[in-house]
Number of protein chains: 2
Amino acid sequence: MARRLAWRPAASIMRAGHSRAAHRFITSPPPMKKPQGFTVHDIARLAGVSAMTVSRTLNHPDQVSPAALAKVREVVARTGFVPNGMARGLRSAKAGLVAAVLPTLVGPVFQETVRALSQALDERGYQLMIGQSGYDASREDALLDAIIRRRPDGIVLAGIMHSPEGRRQLLASGIPVVETWDLTPTPVDMLVGFSHERIGQAVCYFLHSRGYRRPVLLSAGDERARRRIAGFQGMAATLGLGQAPTHLVEAPTTLGSGRAGLAAILATHPQTDALFCSSDMLALGVLIEAQARGLSVPGQLGVVGLGDLELAASLQPALTTVRIDGTRIGRTAAQYIVDRAEGREVAEKIVDIGFEIIERASA
Amino acid sequence: MARRLAWRPAASIMRAGHSRAAHRFITSPPPMKKPQGFTVHDIARLAGVSAMTVSRTLNHPDQVSPAALAKVREVVARTGFVPNGMARGLRSAKAGLVAAVLPTLVGPVFQETVRALSQALDERGYQLMIGQSGYDASREDALLDAIIRRRPDGIVLAGIMHSPEGRRQLLASGIPVVETWDLTPTPVDMLVGFSHERIGQAVCYFLHSRGYRRPVLLSAGDERARRRIAGFQGMAATLGLGQAPTHLVEAPTTLGSGRAGLAAILATHPQTDALFCSSDMLALGVLIEAQARGLSVPGQLGVVGLGDLELAASLQPALTTVRIDGTRIGRTAAQYIVDRAEGREVAEKIVDIGFEIIERASA
DNA sequence: CTGAAAGCGCTAACAA
DNA sequence: TTGTTAGCGCTTTCAG
């Protein structure tokens, strides 16, 4: 298989281990005391003012005389002082921090949402921190616990919080919460999402309308994917197609599992004329495998993906896929969190943003 | 172009907006007071003990009598109480939190590192939070500030901190820092990375040894990419190849920019016989464009990527690429942070983990 | 415009 | 095993 050519590190670089103290002397102006951090009192003493003046310089500069302002700022810059946010948060509640919980960073699925969320929050003066829960429920609980402990101004969840424990803690914390990427009549607090079941229905209807009669599902097996499958099968029954065979793959879905998936499906269901893949990456794998086998797409095999990644439009043939407006989810979630954090009521607590099928060349 | 079929939300779901209070009544046992959060004192009162006993139940359960333990735990579970971590952190320093700063979640580049970091920290009882800095320097400073304020037990940086302001704050905070994915003789604190310049050299040497004589660089234009280019050109000169033409693309690198990049390169340099792409995604675009033009890979065009994404091995032809052991970077960074957070010294503060060229079929 | 006092919620240290 | 006291670093409040 693949040959591997390793480049080992250069010995000279290995020897370059400067000590931190030495380096410190090079970059920061005076060595300064207190290696474990300054407090407002230290800065106050160095600037010859009181702690309150330092605090005001940082938070309400308009209430401080120009002279004091300049002096304090000089000391702050020289020392690299950063106020302790835990102490501040303890006293003044507002944290300027919103936390998002994602199951994984692997999938490019949430990228658009995260980017929009991050940007929208940034514009309103909040920072976004992301926690990765993995697909493990206990890890998710631990992460949620760690997040609630920090008392962020809001929490955005990718998906719906199912654990009753988690729901109770979220509720008790009083922190604004937005669940996303799914729909439920009973959100913890607010919700911006769409129906996975209806995606399944829509894709099935779409394939049928294009003349495909023997569709197969190539899908991850998580709960949302299962609801898309259920929607698809429901529509298949309505249209008289019978149950579509389903081939489940491990999460995360990859190009490799797409190739292997198509191979497996063709082995057991050679009549297959269309595939609904639960991610664009899976669909790309299918496209490549089809090409390797000389199968024409969409002629002999129709392929529909999910996610509308950047690559979908650039493929050959361009990929027909389901697009979810992740940017809108992120922006809306940010808006809701900030509104609530600043005491405004949110009128519509549940928003269904729908989805689109982007019809390109592959089906 | 693409037709778009939109599925609008069902009206019935829009109407399903239960109020939060109503829902709360459904899931949490008793309605409970204090909508804005409980304190240890509330829990203490409800359990008929002192605040300290509640604190001990949470942190040192072995020092509490079974009876008190059970009572307190019952109240905690019933109320969904989560202690205020800011207050705790203020008192006891240890936060149980490590922060990572990534330029972007877009690239799959750091996925392996983040996963390994997250897992290694988890095993040691720490949570990882990720901040996304974007490619904007002012955003990065704001993010860094927000992170230092929270006083995490450690900070992991993707890349090197160049801003003197940022360096000073990091140093002054006394928080253990690991810079990654690059090399410098003057890290802020600790460093786990590799040399981008040597990657450029190695790939040039590799292509030359495979008989390619007219290589072109298809690359992002960030600073690390520029150093890879410089390394490549240096080796090209040494080997008597002359300067390799360079085609820069916007970050983030995409499949689409890979396709467009190859088209542009062939228009200006039709003699090109090999391409070094600064990401696997770019390389995939090149592969697809080459195929669309009937160019054989590796026969007429050699292609080398960077990153060794999962998809590299599954492509047709399989992609020759540069692999960086992201898992090792993440694990090592976690180890270092935890060691330092718990008072142990780290012997080697600078680690160069090198890289490998994975030779597959595309070059 | 500036400072002194008080206290946010929690836990280390001590006392019972 | 349990409770009391004090104080982490900051900012709100109130007085100067």
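Analyst: A residue is buried if 20 or more other C-beta atoms lie within 10 Å of its own, and exposed if 12 or fewer do. Keep that in mind for this predicted model.

User: What makes Arg151(A) count as buried?

Analyst: Arg151(A) has 23 other C-beta atoms within 10 Å. The cut-off is 20 or more. Therefore Arg151(A) is buried.

User: Where is Arg151(A) found, and what is its phi?

Analyst: Arg151(A) belongs to the loop between helix H8 (137-149) and strand E4 (154-158) of chain A. Its phi is positive, about 50 degrees, although Arg151(A) is not a glycine.

User: What makes Trp181(A) count as buried?

Analyst: Trp181(A) has 22 C-beta neighbours inside 10 Å. The threshold is 20 or more, so Trp181(A) passes.

User: Why is helix H10 of chain A called largely enclosed?

Analyst: Because 10 of the 14 residues of H10(A) are buried. They are His196(A), Arg198(A), Ile199(A), Gly200(A), Gln201(A), Ala202(A), Val203(A), Cys204(A), Phe206(A) and Leu207(A). Just after H10(A) comes Gly211(A), with a positive phi of about 95 degrees.

User: Why are the buried residues of helix H5 of chain B said to line one face?

Analyst: Start with the residues: Val72(B), Val75(B), Val76(B) and Thr79(B) are buried. Seen down the axis of H5(B), its buried residues fall within an arc of 100 degrees, so they line one face of the helix. An α-helix has 3.6 residues a turn, so residues three or four places apart point the same way.

User: Which residues of H5(B) are exposed on the other side?

Analyst: Pro66(B), Ala67(B) and Glu74(B) are exposed there. To count as exposed, a residue has 12 or fewer other C-beta atoms within 10 Å.

User: What covers the buried residues of H5(B)?

Analyst: The cover includes helix H9 (164-173) of chain A, along with helix H3 (40-47) and H4 of chain B. After H5(B) comes Gly80(B), whose phi is positive, near 70 degrees.

User: What makes the peptide bond from Val297(B) to Pro298(B) cis?

Analyst: The bond has omega near 10 degrees and is cis. Pro298(B) lies in the loop between helix H13 (280-292) and strand E10 (302-306) of chain B. Gln316(B) and Pro317(B) are also joined by a cis bond, with omega about 0 degrees. Pro317(B) is in the loop between helix H14 (310-314) and strand E11 (320-323) of chain B. Most peptide bonds are trans.

User: Which residues come nearest to DNA strand C?

Analyst: Of the 24 residues around DNA strand C, the nearest are Ser65(A), Thr39(B), Val40(B), Ser55(B) and Ala87(B). Helix H4 (51-59) and helix H6 (85-92), in chain A and in chain B, each give two or more residues to this surface. By class, the surface has 12 nonpolar, nine polar and three charged residues.

User: Which residues have the most contacts inside the largest nonpolar core?

Analyst: This core has 118 residues, and the most contacts inside it belong to Val101(A), Leu117(A), Val178(A), Val101(B), Leu117(B) and Val178(B). A second, separate core has 102 residues, among them Ala220(A), Leu282(A), Ile358(A) and Val322(B).

Definitions and conventions: Residues numbered from 1 in each chain as written. Chains lettered and ligands numbered in written order. Predicted model: local features only at pLDDT ≥ 70, side-chain atom pairs only at ≥ 80, totals over all residues. Near = placed C-beta within 6 Å. Helix = DSSP H or I, 4+ residues; strand = E, 2+ residues; numbered from the N terminus. Nonpolar A, V, L, I, M, F, W, Y, C, P; charged D, E, K, R; others polar. Core = buried A, V, L, I, M, F, W, Y, C linked by C-beta atoms within 7 Å. Arc of directions from axis to C-beta. Contact = placed C-beta atoms within 7 Å.
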